[in-house]
Every structure is written in structure tokens, then in C-alpha cells.
Amino acid sequence: MSQYHPYGAPSFPGTVQHGGEHLPKIAHLLAPGEQVRGIVDTDLCDLIRRPPRRYRKAHSGGVAEVGLGCLFVLVNLGEFLAYLVEDCTWGVIRMFRRLFRGRGLIGGWRSQAGQFVVAVRSADGNYENDDVLMVFTDRRILLAGRGGSRTLRALGELPYAQLVRVEPRHTWLSNRADLHFADGSKAALEIIEKELNPLVALGPR
């Protein structure tokens with residue numbers, strides 16, 4: 001018997017409630033004996049920016065960075081300037097949108113919500129990926145993504161104990177749902193109605 005406790009049992013043991021069309025694509029990511037309860041295809045809310053370099057899962061490589069010296073400094077300076085331009089343009093627009101829609105990430109990058117976002121963004125080298133498959137199994141919530149490649153790969157996973165609430169917030173402004181985490185942090189998703197209902201059903205009850 002699994003040591004994990006999924007939020008809700010499947011209607012019929014051994015069958016997938018939602019997202020069965022994705023099963024062949026994620027089969028190689030499952031552990032032996034791991035059973036899928038449902039798969040939800042969703043995106044990060046566009047109010048969430050790229051994580052700063054220091055919070056990303058992998059850096060460029062210590063030895064290479066030392067060897068490149070000035071070039072590495074220039075790359076970091078270029079990234080800093082890019083962030084500055086983003087904050088002065090799209091960042092200002094994002095700020096006004098938050099007045100009506102609320103913040104996309106609450107709790108900071110080191111929080112459980114922040115690490116969820118970092119994992120999703122890590123699907124591509126620029127940390128700009130938004131799309132993620134949330135695979136609910138009898139053991140965990142597996143995060144899978146392509147990031148421009150043809151093959152899905154594991155981006156990370158959520159222990160069931162970390163996700164405590166799914167809050168639908170669909171309005172005329174956006175198709176949004178908020179994921180509430182055990183440490184009080186929160187991350188927003190952009191999710192269509194067809195995927196929202198299964199996410200709520202598979203999530204905490």
C-alpha cells in the first residue's frame with residue numbers, strides 16, 4: 001500500500017479520471033507500480049515573472065564561469081539590463097494588472113509556491129516556460145513539461161501534503177485558479193474551464 005494519501009480516490013480503481021490522452025507521453029516518467037489518477041494541462045499565470053538567476057535550479061557551471069571571467073560578468077550585466085527593461089515596460093503593465101487581478105506569486109521564490117514556479121519555468125533554458133502537466137498519481141503530483149522539445153520530461157514534483165487548497169478565480173478578466181501551499185504561499189494558474197473542474201476534483205478536499 002502506498003505511504004502517500006491522495007486527496008480523493010478515483011471513481012473506479014485503476015482508471016484515469018481525466019487526461020488519459022496524455023498517458024502514453026508521460027509513461028516513461030512514472031515509477032514502477034505508480035498509478036495515475038488524473039492529468040491536468042495548465043499554464044502559469046502571466047503575472048508571474050521569470051525567477052532571478054540566483055533562484056534557478058541550475059547555474060551555468062562554476063568552473064566555466066571562472067574560466068570565462070569577464071565574459072561571464074558581461075552576460076550577467078546583460079541579464080540585469082534585460083530585467084531592468086522588462087521592469088520598466090512590461091513590469092509596469094503587470095503592476096497595474098495586479099491591482100485588478102492580484103499578485104501571481106505570494107511567498108517569495110524560496111517558498112513552496114516559488115519552488116513550484118521555478119520547476120515549471122525550468123522546462124526551457126530561458127526559464128520562460130509556462131505550460132505544465134500536473135500528473136496526479138497515487139504517490140505524488142508529478143510536474144511534466146516539454147520546454148520546446150518533443151519529449152516530456154519531469155520538471156519536479158509536489159508531495160500531496162504541500163498543496164492544501166485549489167481556489168478557482170474565473171472572472172471576465174481571466175481564467176485563473178490559485179494554488180495554496182502548506183507554508184502559506186500561493187501561485188496562480190491560467191486554466192480553462194475544461195481543465196479547472198478536474199483540477200478541483202483531484203485537488204485537496
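The model is predicted, so local features need pLDDT of at least 70, side-chain atom pairs count only at pLDDT 80 or more, and totals for chains, interfaces and linings use all residues. Residues are numbered from 1 along each chain as its sequence is written, and side-chain values use heavy atoms, with hydrogens and water left out.

Q: What makes F116 and F181 an aromatic pair, and why is the pair called tilted?
A: Rings of Phe, Tyr and Trp (its six-membered ring) pair if their centres lie within 6.5 Å; planes under 30 degrees apart count as stacked, over 60 as edge-to-face and the rest as tilted. Here the centres are 6.0 Å apart and the planes make 45 degrees, so the rings pair and the pair is tilted. By this rule the count is one aromatic pair.

Q: Which parts of the chain does this pair link?
A: F116 sits in helix α5 and F181 in strand β7, 65 residues apart. Helices (H or I, at least four residues) and strands (E, at least two) are DSSP runs, numbered from the N terminus. The protein has six helices and eight strands.

Q: Why is β8 called mostly covered?
A: Buried means under 20% relative accessible area, exposed over 50%, partly exposed in between (1.4 Å probe, protein chains only). Five of the five residues in β8 are buried, with K186, A188 and E190 on one side and A187 and L189 on the other. In a regular strand the side chains alternate between the two faces of the sheet.

Q: How do you know that β7 and β8 pair?
A: Two strands pair if DSSP finds at least two bridges between them. Five bridges join β7 to β8, so these antiparallel strands count as paired.

Q: What makes a group of residues a nonpolar core, and which members of the largest one touch the most others?
A: A nonpolar core is a set of buried Ala, Val, Leu, Ile, Met, Phe, Trp, Tyr and Cys residues joined through side-chain atoms within 4.5 Å. The largest has 34 residues, and F116, M134, I141, L179 and L199 touch the most other members. Helix α5 (residues 112–121) gives the largest share, six residues. A second, separate core of nine residues includes I26, L29, L133 and V135.
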